[in-house]
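Colleague: I am new to this one. Could you take me through how its features get their names?
Modeller: Gladly! Let's look at it together.

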Amino acid sequence: MNEDEFKGELRKYVSKKCDSYSSGKLLPLMMPTFGQDEILEAFDSMVELNVTMGTKVEKLEKDFSSYLMGNGGAGNLLYANMVNSGSSANLLALSILTNPAIKNPIRPGDEVLVPSVTWSTSIFPIINVGAVPVLVDVGEDYLIDAEKMKEAISPKTRAIMPVHLLGNVCDMGAVSDLAQEKNLYVIEDCCEAMGSEYRGNKVGTLSDLSSFSTYFSHHITTGEGGFLCTSNFDYADLARILRAHGYVRHSLKKGEYVCATPGIDPRFLFVNMGYNFRPTDIQGAFGIHQLPKLDSFIKSRREAGLALNAALSKYLEYLVLPQEKKDTRHTWFAYPITIREGAPFRREELTSHLEENGIETRPLVCGNFAEQPAMRLFPYRKGDLSYSEYVMRNSFYIGIHPQLDSQTVSKVAGVFDSFFSKVAR
Ligand SMILES: Cc1ncc(COP(=O)(O)O)c(C=O)c1O
């Protein structure tokens with residue numbers, strides 16, 4: 001078989017696999033977005049024996065930084081460091097801000113504000129570094145509530161971690177104002193919001209440090225993976241040291257460190273603590289082909305989200321539907337729905353009907369994280385979490401993915417119609 005025949009066969013095989021991935025479901029939570037390009041590039045890494053972090057990761061980091069900064073046009077130089085997951089990116093961010101090598105580090109017992117509705121590994125890294133999470137309620141948009149965020153401030157507060165959940169964008173004006181007034185660090189968790197924008201700037205460029213995930217179901221995928229981004233040279237340097245064992249190999253100041261330590265072999269010179277959060281070039285190979293497709297994936301997600309809104313808006317009396325907020329660009333990671341108080345049905349009746357008709361559902365991320373048993377094990381503080389408690393019992397989401405077309409949206413709307421024709425007045 002020659003190369004073209006091989007690629008042709010591979011393309012057919014991958015497209016058949018993708019078609020069968022949904023296993024007949026009308027709307028699965030996610031669909032694969034990679035194919036021949038990513039697989040061949042990964043194959044090249046493997047046959048060239050480049051399976052650890054190397055030149056493809058380096059290229060992807062540069063490309064991602066350009067993507068976020070609008071090809072260098074907007075603001076300061078941004079360092080994008082690829083890591084093996086979004087969770088690792090969050091832990092790296094907290095590890096940098098608590099590191100004795102920085103000025104004014106966060107200390108054990110200091111507090112970090114974080115929304116109570118988020119993924120577990122937005123919260124756990126705060127605990128991992130000995131700080132105390134302060135869970136702040138969310139609004140109807142499932143994002144940190146700006147007023148309650150102010151009320152949660154104490155003399156121990158050192159940082160805010162807004163989470164752009166489900167592709168929707170936090171009120172970064174309110175976050176920045178509060179951070180400036182109280183001298184707080186800001187870490188943006190953008191793991192569900194790659195490509196989202198606030199006032200024309202990409203999320204992830206509006207804070208001291210930001211995290212992204214490239215897990216399978218996310219806006220672009222490298223299988224597992226993520227990025228830790230910052231415009232601060234010292235944080236970027238620490239990110240590269242802490243990402244890889246604490247040694248200087250990838251440090252931006254390697255020469256300085258080596259000159260200052262003549263007695264130790266520079267190949268194994270350790271200048272800080274460290275993890276192993278390195279990605280592989282196989283992940284880098286995926287990413288360099290996924291990233292150029294990101295804007296077209298987002299366009300499809302936005303069309304699908306708006307089409308779902310148009311089809312379901314007749315049920316606004318019963319359902320809270322997602323909205324794109326003023327001055328933002330929403331990237332529709334998924335489609336969240338909350339059952340309004342007084343609706344003549346329970347969430348479980350609607351989700352069972354959807355599941356029976358091939359529409360996969362999930363609880364709205366972790367619900368109110370204060371109610372998760374894990375939080376009984378660790379110290380934390382919380383304010384009034386009444387909307388998060390409501391979300392825990394009354395919210396869920398269905399999938400949005402770039403292949404969700406208008407015909408499928410119509411069929412999905414039909415499934416909602418058949419439910420409401422039975423339950424609603
Ligand atoms: C808001 C948020 N933060 C962090 C993460 C962790 O990312 P990863 O799954 O890549 O570890 C996720 C995962 O989906 C997430 O949704």
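Modeller: A salt bridge needs a side-chain nitrogen of Lys or Arg within 4 Å of a carboxyl oxygen of Asp or Glu. Please keep in mind that this is a predicted model.

Colleague: How do you know that Glu192 has no salt bridge?
Modeller: The nearest side chain of opposite charge, Arg301, is 9.4 Å away. The cut-off is within 4 Å, so Glu192 has no salt bridge, although Glu192 is buried.

Colleague: Where is Glu192, and what is it in contact with?
Modeller: Glu192 is in the loop between strands E5 (185–189) and E6 (197–198). Leaving aside neighbours within four places in sequence, its contacts include His164, His218, His219 and Phe333.

Colleague: What makes E4 and E5 paired strands?
Modeller: Pairing takes at least two bridges. Strand E4 (residues 157–160) and E5 have two bridges, so they count as a pair, in the parallel sense. Ile160 stands opposite Val186 in E5, and helix H7 (residues 172–182) lies across E4 and E5.

Colleague: Why are E1 and E14 said to stand at the edges?
Modeller: The open sheet has eight strands in the order E1-E9-E8-E5-E4-E2-E3-E14. Strands E1 (79–83) and E14 (381–382) each have a single partner strand, so one side of each is left without a neighbour in the sheet.

Colleague: How do you know that the span of H2 is close to the expected one?
Modeller: Helix H2 (residues 36–47) reaches 16 Å from its first C-alpha to its last, and 16 Å is expected for its twelve residues at 1.5 Å a residue. After H2 comes Leu49, with a positive phi near 65°.

Notes: Residues are numbered from 1 along each chain as its sequence is written. This is a predicted model: local features need pLDDT of at least 70, side-chain atom pairs count only at pLDDT 80 or more; totals for chains, interfaces and linings use all residues. Side-chain values use heavy atoms; hydrogens and water are left out. Helices (H or I, at least four residues) and strands (E, at least two) are DSSP runs, numbered from the N terminus. Buried means under 20% relative accessible area, exposed over 50%, partly exposed in between (1.4 Å probe, protein chains only). Lys and Arg count as positive and Asp and Glu as negative; His and the chain ends are not counted. Contact means heavy atoms within 4.5 Å. Axes are lines fitted to C-alpha atoms, for helices over the stretch in contact, and angles run from 0 to 180 degrees between N-to-C directions. The expected span of a helix is 1.5 Å times one less than its number of residues.
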